[in-house]
Amino acid sequence: MRTKSLKKNKINVITLGCSKNIYDSEVLMGQLRANGKEVEHEAPADKEGNIIVINTCGFIDNAKAESVNMILEYADKKEKGLVDKVFVTGCLSERYRPDLEKEIPNVDQFFGTTELPQLLKALGADYKHELLGERLTTTPKNYAYLKIAEGCDRPCSFCAIPLMRGKHVSQPIEKLVKEAEGLAKDGVKELILIAQDLTYYGLDLYKKRNLAELLEALAEVEGIEWIRLHYAFPTGFPMDVLELMKREPKICNYIDIPLQHISDSILKSMRRGTTQEKTTQLLKDFRAAVPGMAIRTTLIVGYPGETQEDFEILKDFVQEMKFDRLGCFAYSHEENTHAYLLEDDVPDDVKKDRANEIMELQSQISWDLNQEKIGQVFKCIIDRKEGSHFVGRTEFDSPDVDNEVLIDASKFYLKTGDFAMIKIIDATEFDLYGEPA
C-alpha cells in the first residue's frame, strides 16, 4: 500500500468515445485550470496523478465495454492505493448510473452529461460562467473541435444518443464566434464543427435551419483558414450551405453525412425519414453544387430484418456512389431504443462478414480515387512529425478518420501547424505520399 503523498492533488482526465467527448473534457480541463488545479489529459502512468476523471462513451457495445473496463481498471488502482479518487462522467454514466453505482461501488461518484458544475464541485473547483468557450485543447495546436449544438431530436430507431445527450440545443452564433476567436488567438487554423446533427442547427434558437449563417460568421474570424463539417443528417439538409461552400474558400469541400443504410425497408424501420431515391438525389445535388467535394458517410449492417437482398442493395449503392470516405459498423442492439423491440436476428458472424465486405469494396474505391491524385498538388495542413515522416492532410481529410499525406522528413523540412503545397507522388488505399511542390 503506498503512503499518501504530501504533494497537491493532480487530476488526470481520460477521454473515451467521440469528438464530442473530447470537447467536453477540454471544457472540464479549462475550468479546472482556471481554478488553479493541476490537470493533464491522459497522462502516462508514472505521471498520472492521484485523482482520475473518466469521461465515458455509452454508444454501442464495444464502446461500453471499453468504458467499463477503464472504470474497473482505475477502481482496482484505487483499491491498491495507487490513486486516491476516481470520478466517472459522460454518456455511459448518464445512461447506466444506478447499475454502475451498484456494480462498481469503489468509484467515488458518477456524473451525467449535463452535470459539469457538480463534477467540478466534487473536484474542489467552482464553475466559472465567465470562461465562455475557453478550453484546454487536447488536439494538435492547428485544429480544434467546435461543438455547435448538443443533443438530438431525431427519432432513429437504433440510436441511444437522445437518452444520453437529451434534446437538440443549438449554441448561439455570437457565443460560437467568440469561442472561435479565442481558438484562433491560440493558433488554431482549422475548426471542425461537430454536433449530434449539424443539419438541425438553429431550428430551436432561430426557428430556421441556420447553419449557413453560422458558417458565414465563422469564416470572418481572422486566423481561421479551414472550417470542416461533421455529422450532418441527410433529411432536411439546408442546401444554402452548398452555395456558401462553393463561394467561401475557408469552408472545406468536405461533408460527413451518416446515411446508415439505403434499402427502403431498412430506412423505414430505422425511422430515417428518407428513401433510396431521395438520398441518391441529395448526393447528386451535393456533387453538382460543389464539384470535387469529398463525401464521408457511415453505414450500419446487420440491422434487425436486414436480408441478403437488402445488403446487396447497399453494396450496389456503395459501388455506384463511390464515397470518398466510408466507415461501416455492425449493428449493436441497444436497450431502450425503438429497434430493441425488434428481434436482433442477423447472426454476429454475418454482421461481421457484411461489414468486412463493405470495407473491402470501399478499399478498392479508395485505391482508385487516390491513384487519380498522383501528380496533383494540394494545400495541406501539417499536423505532426511521426517517425521519419511529416504527417499532413488535404482539405478532403479529417483527422483520425481519413487519409493522411506522408512527406519524407529525411529529405524535406516542414513546420508542424503550418500549411504547405504538396505534390502527390504515390498513393495506397488510405495514405498519400507527397513532397513540397
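**Exercise 1. A salt bridge between R325 and D397**

Task: In this predicted model, R325 forms a salt bridge with D397; find how far apart the closest N and O atoms are, and where each partner lies.

Solution: 
- Start with the distance: the closest N and O atoms of R325 and D397 are 2.7 Å apart.

**Exercise 2. Two more pairs**

Task: Work out which parts of the chain are linked by the pair E334 and K64, and which by E216 and R247; then decide whether E216 is buried or partly exposed.

Solution: 
- Take E334 and K64. Their side chains meet in a salt bridge of 2.8 Å, N to O.
- E334 is in the loop between strand 13 and helix 13 and K64 in helix 2 (residues 61-79), 270 residues apart.
- Both of these residues, E334 and K64, are buried.
- Now take E216 and R247, whose side chains meet at 3.4 Å, N to O.
- E216 lies in helix 8 and R247 in helix 9, so the two tie together parts that are 31 residues apart in sequence.
- E216 has 39% relative accessibility and therefore counts as partly exposed. R247, with a relative accessible area of 54%, is exposed.
- For context, the whole structure holds 33 salt bridges. Some share partners, joining D61, K64, R95, E334 and E335 into one network.

**Exercise 3. Reading the faces of helix 11 and helix 12**

Task: Name the buried residues of helix 11 and of helix 12, and explain why each set lies on one side of its helix.

Solution: 
- Begin with the length of helix 11 (residues 276-289): its 14 residues reach 20 Å from first C-alpha to last, close to the 20 Å expected.
- T279, T280, L282, L283 and F286 are its buried residues. They cover an arc of only 155° around the axis, so they are on the same side of helix 11.
- The opposite face of helix 11 carries the exposed residues E277, K278 and A288.
- Cover for the buried residues of helix 11 includes helix 9 (240-247), strand 11 (251-256), strand 12 (294-301) and helix 12 (308-321).
- Turn to helix 12, where D310, F311, L314, K315, F317, V318 and M321 are buried. Down the axis they fall within an arc of 160°, so they line one face of helix 12.
- E309 and D316 are exposed on the face of helix 12 turned away from the buried side.
- Helix 11 is among the elements covering the buried residues of helix 12, as are helix 10 (264-270) and helix 13 (348-371).
- Look just past the end of helix 12: K322 has a positive phi of about 45°.

**Exercise 4. Cores and a recorded domain**

Task: Find which residues have the most contacts inside the largest nonpolar core, and which helix gives the most to this core.

Solution: 
- The largest nonpolar core has 58 residues, and I148, L193 and F286 have the most contacts inside it.
- Helix 8 (residues 211-219) gives the most, with seven residues.
- A second, separate core of 18 residues includes I382, F390, F396 and A420.
- To finish, consult the record: an unreviewed UniProt entry annotates residues 371-437 as "domain: TRAM". Over residues 371-437 the model shows 1% helix and 52% strand, with end C-alpha atoms 18 Å apart.

Definitions and conventions: Residues numbered from 1 in each chain as written. Predicted model: local features only at pLDDT ≥ 70, side-chain atom pairs only at ≥ 80, totals over all residues. Heavy atoms only, no water. UniProt positions renumbered as here; feature names shortened; annotations may be inferred. Helix = DSSP H or I, 4+ residues; strand = E, 2+ residues; numbered from the N terminus. Expected span 1.5 Å × (residues − 1). Buried < 20%, exposed > 50% of the residue type's maximum accessible area, 1.4 Å probe, protein only. Arc of directions from axis to C-beta. Contact = heavy atoms within 4.5 Å. Core = buried A, V, L, I, M, F, W, Y, C linked by side-chain atoms within 4.5 Å. Salt bridge = Lys/Arg side-chain N within 4 Å of Asp/Glu carboxyl O.
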